[in-house]
Amino acid sequence: AAWGGLQASQKGHVDFVRFLSAVDLLAASGGDGSEGARAAALVDKFNEAKELDGRSLLVLDDVDQMVAGDGPSGTSALLLATLRALLRTQAGTNAKRPGTGGGGGASSPGSLRLEGLLVVATSSGSSAGCAPALLGEVFGERVSLPCLATQEQFEGLLRACSSIDEASVAACAGALAASSSNVEGMGVKTALRLAERAAADAEDFEDGGREQLEALRAVLSDWEADLKLSREVCGVF
């Protein structure tokens with residue numbers, strides 16, 4: 001999501017990018033985790049983004065966590081209704097025809113120029129598949145990115161992750177690939193989060209990454225068990 005916002009800014013599709021996470025929303029609510037406080041903070045963040053001059057992009061990262069609550073599928077009815085209302089106010093104002101300038105400037109033929117506020121949300125948690133109302137009704141379009149599957153794919157990801165010792169990359173990639181096979185796929189953000197947690201749990205990095213590998217195996221075992229439980233709960237609802 002952050003990379004996509006960067007690309008949109010660098011290529012001139014938008015003038016400003018705002019990134020909002022569940023932690024940011026909690027901080028904006030003054031530490032009050034109630035649904036009402038988070039809904040009010042969400043409205044404020046939307047208003048701030050709309051006040052930016054020119055074309056702006058608001059990225060809602062891990063939106064399933066942002067609207068978590070005690071309602072169906074672990075979501076908040078109040079936050080979902082608030083988000084739906086905010087998104088509807090932007091309908092029909094986000095894009096102009098290709099080849100027309102935005103904000104008074106000219107654009108090249110065939111280029112996409114955005115006007116107003118564009119909102120993009122991401123979700124990589126296991127609860128994403130458990131909230132079809134959130135992903136299918138609140139947002140106008142849903143795009144599912146392929147999960148990582150092979151050891152080579154995980155190795156490429158881990159080599160770009162400074163948390164993992166170089167000596168343990170291959171072994172850790174193999175563990176991630178095996179776990180991905182067990183759960184029918186693993187996303188990039190999930191893989192990075194699990195790898196970074198394992199690196200934080202490991203105490204010794206002087207033995208070729210052995211501690212990191214053992215820590216990762218323990219983290220993956222717990223994650224698979226939690227994922228299985230969440231899917232069973234989704235099946236009940």
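A residue is called buried when its relative accessible area is under 20%, and exposed when that area is over 50%. The views below show a predicted model.

View 1. Thr122 belongs to the loop between β3 (117-121) and α6 (132-138). Its relative accessibility is 19%, and because this lies under the 20% limit, Thr122 counts as buried. Once the neighbours within four places in sequence are set aside, Thr122 is in contact with Ala1, with Leu60, Asp61, Asp62, Val63 and Asp64, and also with Lys189.

**View 2. Ser29 in the loop between α2 and α3.** Ser29 is placed in the loop that joins α2 (22-28) to α3 (35-50). With a relative accessible area of 15%, which is under 20%, Ser29 is therefore buried as well. The side chain of Ser29 reaches back to the backbone oxygen of Leu26, at 2.7 Å. Leaving out neighbours within four places in sequence, the residues in contact with Ser29 are Ala37, Arg38 and Ala41.

**View 3. The whole protein, as the setting for both close-ups.** The protein contains ten helices and three strands, which follow one another along the sequence in the pattern α-β-α-α-β-α-α-β-α-α-α-α-α. Of its 237 residues, 37% count as buried. Among contacts in the protein with a separation of 6 or more, 65% are between residues 24 or more positions apart. The protein exposes about 12,900 Å², of which carbon and sulfur atoms supply 53%.

Key
Residues are numbered from 1 along each chain as its sequence is written. This is a predicted model: local features need pLDDT of at least 70, side-chain atom pairs count only at pLDDT 80 or more; totals for chains, interfaces and linings use all residues. Side-chain values use heavy atoms; hydrogens and water are left out. Helices (H or I, at least four residues) and strands (E, at least two) are DSSP runs, numbered from the N terminus. Buried means under 20% relative accessible area, exposed over 50%, partly exposed in between (1.4 Å probe, protein chains only). Contact means heavy atoms within 4.5 Å. Accessible areas come from the Shrake-Rupley method with a 1.4 Å probe; for residues, only the protein chains shown count as cover. A polar contact is a pair of N or O atoms within 3.5 Å; within protein, one must be able to donate a hydrogen and the other to accept it, and residues adjacent in sequence count only if both atoms are side-chain atoms.
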